[in-house]
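Biologist: I would like to go through this structure with you and ask, for each label you use, what value stands behind it.

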Amino acid sequence: MFRKIWQNSTVGHATRILSRRDKFKLIIVVLIQILLGIFDLLGVVFVGALGVLAVDGPKAQPTEGYAGYIIQFLGVAEFSFKDQAIIIGTLAVLFLTSKTLLSVFFTRKVIFFFSRRGATISENLISRLLA
């Protein structure tokens, strides 16, 4: 059933003109985009944990909820409030910045790939039309 829906979809029609190798590259691009989405999600989670940590402030009792879980998971529960904030903030910045830089890099690669592939496909179609 899924195969029939895929074959009748616009994306299914578009992928028919791609070679097997190009389809593999397309799958890799999709997986990379999913990974970049996960980086973005983790960055937002750390920003949220930092916000909860900032609202709770440096109190004697440990932070509860998902921010407390993140602090426990990272193993920084024994650190001072300031060190916890620095570590979680640094992780948030690292994830969000690396996601942005990797996204720029891979987006450029994908655009160049599709422009070259489009030129090749256009060349083939024109040569068949004029031959």
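**Helix packing and a salt bridge**

Modeller: Let me start with helix α4, whose buried residues pack against α3 and α5. This is a predicted model, in which local features need pLDDT of at least 70 and side-chain atom pairs count only at pLDDT 80 or more, while totals for chains, interfaces and linings use all residues. Residues are numbered from 1 along each chain as its sequence is written, and side-chain values use heavy atoms, with hydrogens and water left out.

Biologist: Which residues of α4 are buried, and what makes them line one face of the helix?

Modeller: The buried residues are A67, G68, I70 and I71, where buried means under 20% relative accessible area, exposed over 50%, and partly exposed in between, with a 1.4 Å probe and protein chains only. Seen down the axis of α4, these residues fall within an arc of 160°, so they line one face; the arc is that of the directions from the helix axis to the C-beta atoms. On the other side of α4, G65, Y69, Q72 and F73 are exposed. Just after the helix, G75 has a positive phi of about 75°.

Biologist: What makes D22 and R117 a salt bridge?

Modeller: A salt bridge is a side-chain nitrogen of Lys or Arg within 4 Å of a carboxyl oxygen of Asp or Glu; the closest N and O atoms of D22 and R117 are 2.7 Å apart, so the pair qualifies. The pair links distant parts of the chain, with D22 in helix α3 (residues 20-56) and R117 in helix α5 (residues 81-130), 95 residues apart. A search of the whole structure finds one salt bridge.

Biologist: Why is D22 called buried, but R117 partly exposed?

Modeller: D22 has 5% relative accessibility and so counts as buried, whereas R117, at 22%, counts as partly exposed.

Biologist: What makes A92 buried, and which residues outside its sequence neighbourhood are in contact with A92?

Modeller: A92, found in helix α5, has a relative accessible area of 3% and is therefore buried. Leaving aside neighbours within four places in sequence, A92 is in contact with G43, F46 and V47.

Biologist: How far apart are F39 and K99?

Modeller: Their C-alpha atoms are separated by 5.8 Å, although the residues are 60 apart along the chain. F39 lies in helix α3, and its contacts beyond four places in sequence are F95, S98, K99 and L102.

Technical notes:
Helices (H or I, at least four residues) and strands (E, at least two) are DSSP runs, numbered from the N terminus. Contact means heavy atoms within 4.5 Å.
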